[in-house]
Amino acid sequence: MTIPFLQSGAVITIALTRLGGSIGRLYAADLVGAATGCALLVPLLRVLDMMSALLVAGTLAAAGGVALARFAGPSRWRWAAPATVGLLAITTLGHLSLDRPIEVAYTRGVPIDTDQVESAVWNSHSYVLISRPATNLTPLYWGPGRYPSDLTVDMVFMNIDGEAGTPLTQWDGNPESLHWVQYDVTALPYQLRSGDVGIIGAGGGRDILSAIWVGATSVTAIELNRIFIDVLRESHRDYTRIAEREEVRLVHDEARSYLTRSDQRFDVLQMSLVDTWAATGAGAYALSENALYTLEAWRVFLARLKPHGVLSTSRCFSPANASETSRLLSLCVATLLDAGVENPQENILMVMSGKVATLLMSPSPFSADDLERIDDAIQRYEFKPLIVPGHPIPDARLEAIVSRRSDDELSRATFDKDLDFTAPTDERPYFFNMLKLGRFHLKRELWARSGGRA
């Protein structure tokens, strides 16, 4: 990845030092060209696929080479001109004349089954593959409880950057036909609350369907990736029927920023398996930070809840390796202590199923009626209680964290010589990076303990 940058840097250096022209004009042209390229990339990706966009960029670079060659001497530019014309022809033929445009065949080393892909969509920060519709599938549950064996749905799957995914489920528009959503542990908050719902990370609309099923009066679904908003509003509008609902509002924004500016209050604020760690699959740490899992962010989320509202956060969980969930609980307790809650354990519930745990946090202690409903859901769907009054806490670290009543006690409960379970802050927003730098030599040994996210 560094080779093009080294070469372009060498070209710019030669242009500034060897050609004898005005350095100010040459450098101005370099800045204008770079800025124009950045500005044109986003609209270019909306009309072309990525490979064609790369060829367009190559054509423009070749045209720059022609100009540079002409400046250097009249006899040299003639050889560069055919290369420019050739690249332009390849771009046009590749995008318009072939049965399938030039496209990516592998994503991070994994081959793409193009026969199963209906469309590929690019924007400035993601590559989304939209599959062909499939029928009579078992619903995709992140944390499945006990559910009827005859449940089936028609579904489209969207893959993001070859690493993450979200489903689009076909729906007839009748809320009664959404009864299948209740069997996932991510739908747990709707066993307690309805009313005004906020969703952080709309994705393909799975959490939106859960809110519609329970009869929410309003659903504000915030999504950072514009592709998903366009899919729900345009290409698959009739397939999902979500954008047709009067109570649903789709917002293209960064959720924390939007909620900071908003004065809306919610009965349920839901964030199910939202992360940015997938970006690290490219081999770099760009976007490995996550501003949604910091103490400052959760202050905002807590402030956007009604007095008895619920923040629902679902994350991966393994009973033998509770690292990610332990850090999530640490963040939750730290947030409540920061808000002046004397006994955070009264404001927290946590239930798991499969490999997912759902954490519920409220500004007010959960009532006896809330606990009765949670117990009913645990029995009905065969969920497993992790932090529920009347049930033993099966993990010693979770028990130590949730029972803390001061920052000092929490600091002691989260201490680990190898992994960092402390609550992330905006100064250290690396929720998924828990392996301490001084223990890097133990990475292989600790891989399992950190859930594969060290």
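Modeller: Start with one definition: a residue is buried under 20% relative accessible area, exposed over 50%, and partly exposed in between. Keep in mind that this is a predicted model.

Biologist: Why is Arg241 called partly exposed?

Modeller: The relative accessibility of Arg241 is 31%.

Biologist: Where is Arg241 placed?

Modeller: Arg241 sits in the loop between helix 7 (237-240) and strand 10 (248-252). Its phi is positive, about 65°, although Arg241 is not a glycine.

Biologist: What is the phi of Asn136?

Modeller: Near 55° for Asn136, again a positive value in a residue other than glycine. Asn136 belongs to strand 5 (residues 134-137).

Biologist: What makes Asn136 exposed?

Modeller: The relative accessible area of Asn136 is 58%. The cut-off for exposed is over 50%. So Asn136 is exposed.

Biologist: Now the whole protein. How many helices and strands are there?

Modeller: The protein has 14 helices and 15 strands. Of its 454 residues, 45% are buried. The protein exposes about 22500 Å², and carbon and sulfur atoms supply 57% of that area. Take the contacts between residues at least 6 apart in sequence: 63% of them join residues at least 24 apart.

Biologist: On to the rings. How many aromatic pairs does the count give?

Modeller: The count comes to 7 aromatic pairs.

Biologist: Why is the pair of Trp122 and Tyr127 called stacked?

Modeller: The ring centres of Trp122 and Tyr127 are 4.0 Å apart, and the planes meet at 20°. A pair needs centres within 6.5 Å, and stacked needs planes under 30 degrees apart. Both conditions hold, so Trp122 and Tyr127 are a stacked pair.

Biologist: How do you know whether Trp122 and Tyr127 are buried or exposed?

Modeller: Trp122 has a relative accessible area of 17%. Tyr127 has 7%. Buried means under 20%. So Trp122 is buried, and Tyr127 is buried too.

Biologist: What makes the pair of Tyr381 and Phe383 tilted?

Modeller: The planes of Tyr381 and Phe383 are 35° apart, and the centres 5.3 Å. Stacked needs under 30 degrees and edge-to-face needs over 60; the rest are tilted. Therefore the pair of Tyr381 and Phe383 is tilted. Tyr381 and Phe383 are both buried. With Tyr183 they form one aromatic cluster.

Biologist: Which residues have the most contacts inside the largest nonpolar core?

Modeller: That core has 52 residues, and those with the most contacts include Trp180, Leu250, Val351 and Ile374. Helix 6 (residues 226-235) gives the largest share, 5 residues.

Biologist: What does Ile374 touch?

Modeller: Setting aside residues up to four places away in sequence, Ile374 touches Leu188, Leu192, Leu349, Val351, Leu360 and Val388. There is also a second, separate core of 47 residues, with Tyr258, Met271, Ile393 and Ile401 among them.

Biologist: Why is Ser312 called buried?

Modeller: The relative accessible area of Ser312 is 0%. The cut-off for buried is under 20%, so Ser312 is buried. Ser312 lies in strand 12. Beyond its neighbours within four places in sequence, Ser312 contacts several residues, including Thr186, Pro189, Met271 and Leu360.

Biologist: How do you know that Ser210 is buried?

Modeller: Ser210 has 1% relative accessibility. That is under 20%, so Ser210 counts as buried. Its place is in helix 5 (residues 206-214). Neighbours within four places aside, Ser210 is in contact with Val181, Ala187 and Tyr190.

Biologist: What makes Phe317 buried?

Modeller: Phe317 comes out at 5%. The limit is under 20%, so Phe317 is buried. Phe317 lies in the loop between strand 12 (305-316) and helix 10 (323-338). From Phe317 to Met352 is 35 residues in sequence and 7.7 Å in space, C-alpha to C-alpha.

Definitions and conventions. Residues are numbered from 1 along each chain as its sequence is written. This is a predicted model: local features need pLDDT of at least 70, side-chain atom pairs count only at pLDDT 80 or more; totals for chains, interfaces and linings use all residues. Side-chain values use heavy atoms; hydrogens and water are left out. Rings of Phe, Tyr and Trp (its six-membered ring) pair if their centres lie within 6.5 Å; planes under 30 degrees apart count as stacked, over 60 as edge-to-face and the rest as tilted. Buried means under 20% relative accessible area, exposed over 50%, partly exposed in between (1.4 Å probe, protein chains only). A nonpolar core is a set of buried Ala, Val, Leu, Ile, Met, Phe, Trp, Tyr and Cys residues joined through side-chain atoms within 4.5 Å. Helices (H or I, at least four residues) and strands (E, at least two) are DSSP runs, numbered from the N terminus. Contact means heavy atoms within 4.5 Å. Accessible areas come from the Shrake-Rupley method with a 1.4 Å probe; for residues, only the protein chains shown count as cover.
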